[in-house]
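Here are a few notes to go with your first look at this one. Keep the viewer open and follow along point by point.

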Amino acid sequence: METHTADFVLEFIRAEAGNQEIVRETPLDSLGLDSLELLDLLLACEVRFRGKISDEMQDRIYTAGDLADAFA
Amino acid sequence: MQVEKWADAIPEMRTLFHAHFRELGVNKHRLTPRCDEARYAELERLGLLLLLTVRAEGNLVGYFLGFVMANAHYAYSGPWALTDMYFILPEFRKGAGLKLFRKFKAVARERGCKFAVTSCKVHQDHTAFLEKLGAKWTDKTFIFALEDDACR
């Protein structure tokens, strides 16, 4: 997996989600994304940062910060 | 999302069955949205039932019903998790389907399954979602309506 800061990954998440107001504490549930869009966001992170998040790890990702930390 | 007992969930599931059938049922002119509750209870008693529920403020808004059982044509493959049906009320769907299927996979693993089988309706195609969740499209399923004149 490529190594980046969590802030860098968070910026990528903002761009992918089309929402510049996302902060670390933003619950992914609150983004108004449907299941397919949430998966697309996760997969975009996996492709961009060349990492893979297991199902078990995904279950522990609740906020944008959690997602950013998973790829940092 | 949580695993629930059949007896605890069925009173509320009865109400959701109608919305489920309206949206997803096929052959509606021949079928009624009423399940064999005693049979499901017996399957649970035998340890074969997998029931997940989706609740919002304590109220049932969705469910995933499946079975965990041996696959007779792969004798030594262990139990398989099979999907019977799933439904979430439209107003609660944002992201809930993803959580529900992740829970299905997690519970199936906990119960010793190496394979989990699921499906979707042709008229509500979740192929992209399921494939992105890691499933592989392997079969096509068909129904013969045997009482129809066209069914030869």
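1. A term before we start: two strands count as paired if DSSP finds at least two bridges between them. Keep in mind, too, that this is a predicted model.

2. Start with strand S2 of chain B, residues 49–56. How many of its residues are buried? 6 of the 8, so S2(B) is mostly covered, with buried meaning under 20% relative accessible area.

3. Now look at what S2(B) pairs with. Strand S3 of chain B (residues 59–70) is joined to S2(B) by 8 bridges, and the two run antiparallel. For a landmark, find Leu50(B), which stands opposite Gly66(B) in S3(B). In general, side chains in a regular strand alternate between the two faces of the sheet.

4. The turn of that hairpin deserves a click. There are 2 residues between S2(B) and S3(B), and Glu57(B) takes a positive phi near 50° in this hairpin.

5. S2(B) has another partner as well: strand S1 of chain B, residues 2–3, runs antiparallel to S2(B) and is joined to it by 2 bridges. Which residue of S2(B) is the bridge partner of Gln2(B)? That is Thr53(B).

6. Over to chain A. Helix H1 covers residues 6–17, which makes 12 residues. From first C-alpha to last, H1(A) reaches 16 Å, close to the 16 Å expected at 1.5 Å a residue. Just after H1(A) comes Gly18(A), with a positive phi of about 65°.

7. Which residues of H1(A) are buried? They are Ala6(A), Val9(A), Leu10(A), Phe12(A), Ile13(A) and Arg14(A). The spacing is worth a thought: an α-helix has 3.6 residues a turn, so residues three or four places apart point the same way.

8. Last, the cavity. The count comes to 1 cavity of 30 Å³ or more, and the largest cavity has a volume of about 40 Å³. Its lining is made up of Asp55(A), Glu56(A), Asp59(A), Arg102(B), Lys105(B), Ala106(B) and Arg109(B). Two elements give two or more residues to this lining: helix H3 (55–58) of chain A and helix H3 (96–110) of chain B. H3(B) gives the most, with 4 residues.

9. What is that lining like, by residue class? The residues of the largest cavity's lining divide into 6 charged, 1 nonpolar and no polar.

Definitions and conventions. Residues numbered from 1 in each chain as written. Chains lettered and ligands numbered in written order. Predicted model: local features only at pLDDT ≥ 70, side-chain atom pairs only at ≥ 80, totals over all residues. Heavy atoms only, no water. Expected span 1.5 Å × (residues − 1). Buried < 20%, exposed > 50% of the residue type's maximum accessible area, 1.4 Å probe, protein only. 1 Å grid on protein atoms, 1.4 Å probe; cavity = no way out; pocket = protein on both sides within 12 Å on 5 of 7 lines; lining within 4 Å. Points joined across faces, edges and corners; volume = space filled by probe spheres on them. Nonpolar A, V, L, I, M, F, W, Y, C, P; charged D, E, K, R; others polar.
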